[in-house]
Amino acid sequence: MRALVETPIRPLGSRAAGQSPSEDAPPMDVNDLFAQGIMLPDLKASAKKELLEELVGKLAEAEKLAAADIPKVIKALFKREQLGSTGIGQGVAVPHAKTEAVAQTVCAFGRSQSGILYEALDGAPVHLVFL
């Protein structure tokens, strides 16, 4: 597991056309994505829309995206959800989307003790969310 966590990843869209992965931006440690303090250990949301608003709002508070872009990011996340639920089962969801409203890869983590209705693949409430 430690090797997986230490495996470098690159920001989305960081490679120019025709450029190999080794030629673009320096590798990013996955730990850096969550080192920004964007973790909500006690989510207040009880439904998917509230959850996404809460997490994206936290990203805006941390200045990872402009507050004016919150609706664009929420829209992109719901557009992705139309392809299939990102509630992968066993209480976990990994909502994600690509949008020009966010300049670099950003992440937020949230935990709900009571569970969130999310339309997960197994129908169970979601407790852990990696956005």
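**From one loop to the whole chain**

Visitor: Where does Thr86 lie?
Guide: Thr86 lies in the loop that runs between helix 4 and strand 4. Please keep in mind that this is a predicted model.

Visitor: Is Thr86 buried or exposed?
Guide: Thr86 counts as buried, because its relative accessibility is 2%, under the 20% limit for that class.

Visitor: And which residues is Thr86 in contact with?
Guide: Leaving aside neighbours within four places in sequence, its contacts include Arg80, Glu81, Val92, Ala93 and Tyr118.

Visitor: Ala93, then. Which strand holds that one?
Guide: Ala93 lies in strand 5, residues 92–93. Ala93 is buried, with a relative accessible area of 0%. Beyond four places in sequence, Ala93 touches Thr86, Gly87, Ile88, Tyr118, Val126, Leu128, Val129 and Phe130.

Visitor: How many residues apart in sequence are Ala93 and Tyr118?
Guide: They are 25 residues apart in sequence, and their C-alpha atoms are 8.2 Å apart in space.

Visitor: In which sense do strand 6 and strand 7 pair?
Guide: Strand 6 (residues 109–116) and strand 7 (residues 126–130) are antiparallel and share four bridges. Within this pair, Ile116 stands opposite Val126 of strand 7.

Visitor: Now the core. How many residues does the largest nonpolar core have?
Guide: It has 24 residues, and Leu51 and Leu55 have the most contacts inside it. At least two residues each come from helix 3, helix 4 (70–83) and strand 7. The largest share, six residues, is supplied by helix 3. As a general point, nonpolar side chains in soluble globular proteins tend to be buried together.

Visitor: What does Leu55 touch?
Guide: Not counting residues up to four places away in sequence, Leu55 touches Leu40, Leu43, Ala108, Phe109, Gly110, Val129 and Leu131.

Visitor: Which residue does Lys58 form a salt bridge with?
Guide: Its partner is Glu61, with the closest N and O atoms 3.8 Å apart. Lys58 and Glu61 are three residues apart in helix 3, so about one helical turn separates them. Lys58 is partly exposed at 28%, whereas Glu61 is exposed at 61%.

Visitor: Which residues are linked in a network of salt bridges?
Guide: Lys48, Glu81 and Glu119 are linked in that way.

Visitor: Finally, the chain as a whole. How many helices and strands are there?
Guide: The protein chain has four helices and seven strands. Of its 131 residues, 34% count as buried. Its accessible surface is about 8100 Å², and carbon and sulfur atoms account for 57% of that.

Definitions and conventions. Residues numbered from 1 in each chain as written. Predicted model: local features only at pLDDT ≥ 70, side-chain atom pairs only at ≥ 80, totals over all residues. Heavy atoms only, no water. Pairing = 2+ DSSP bridges. Core = buried A, V, L, I, M, F, W, Y, C linked by side-chain atoms within 4.5 Å. Buried < 20%, exposed > 50% of the residue type's maximum accessible area, 1.4 Å probe, protein only. Contact = heavy atoms within 4.5 Å. Areas by Shrake-Rupley, 256 points an atom, 1.4 Å probe, with all protein chains shown as cover. Salt bridge = Lys/Arg side-chain N within 4 Å of Asp/Glu carboxyl O.
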